[in-house]
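Q: Please take one part of this model and walk me through it closely. I'd like to know what it looks like and what lies against it.

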Amino acid sequence: MDDLDYLRSRMDILDCLNRYTRGMDRLDRDSALSAFHADAQLDYGIFVGNPVEFFDYFHDFHTRFHHSTFHNLCNHVCELDGDVAHAETYFFCPVNNRTEPKFTLGGGRYIDKFERRDGRWAHYSSNTDGLAHARAAIVDLGRAASTRPNGPCSGDWSPPGGTR
């Protein structure tokens, strides 16, 4: 991979993350789903499934419980290997709730697998590396763990009060 391809790939992956967060904040189905290949599998602890099911689930959840969300992407590390990439991106998300408490703040890390297909970077799933999901959302403001050497989804990362 030459320098220009490396830089373009990193920007395309960051653009993919931004399309997702913008789409979720605006409940824009096309924008949110554009971040995923159709065969992607997602694990958000409270939801495991494909991108379409995910958007439908969270669209319903957000419209029932939130006036607005405001995703913010923070530290972003991305390892490229040809047409495959692994990334860890910290996030925080202020939420304007419909009921008490009126304001909450969520945050954690997105652990993502990306693949470039026909020149387009997006989340994908493949169990060839032992990881079944294109994305895992680790909702935890305090605990930090490396995505290596045991893989992005290693360790205990169950959400408070729940299981993954």
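A: Let's take helix 1, whose buried residues are Ser9, Ile13, Cys16, Leu17, Tyr20, Thr21, Gly23 and Met24; buried means under 20% relative accessible area, exposed over 50%, and partly exposed in between, with a 1.4 Å probe and protein chains only. The model is predicted, so local features need pLDDT of at least 70 and side-chain atom pairs pLDDT 80 or more, while totals for chains, interfaces and linings use all residues. Residues are numbered from 1 along each chain as its sequence is written, and side-chain values use heavy atoms, leaving out hydrogens and water.

Helices are DSSP runs of H or I with at least four residues, strands runs of E with at least two, numbered from the N terminus. With 24 residues, helix 1 should span 34 Å at 1.5 Å a residue, and its end C-alpha atoms agree, being 34 Å apart; the expected span is 1.5 Å times one less than the number of residues. At its start, a side-chain oxygen of Asp2 comes to within 3.2 Å of the backbone nitrogen of Leu4. Just past the other end, Leu27 has a positive phi of about 55 degrees.

Cys16 counts as buried because its relative accessibility is 0%. The structure has zero disulfides, a disulfide being a pair of cysteine sulfur atoms within 2.5 Å.

Definitions and conventions
Polar contact = N/O pair within 3.5 Å; in protein donor to acceptor, adjacent residues only side chain to side chain.
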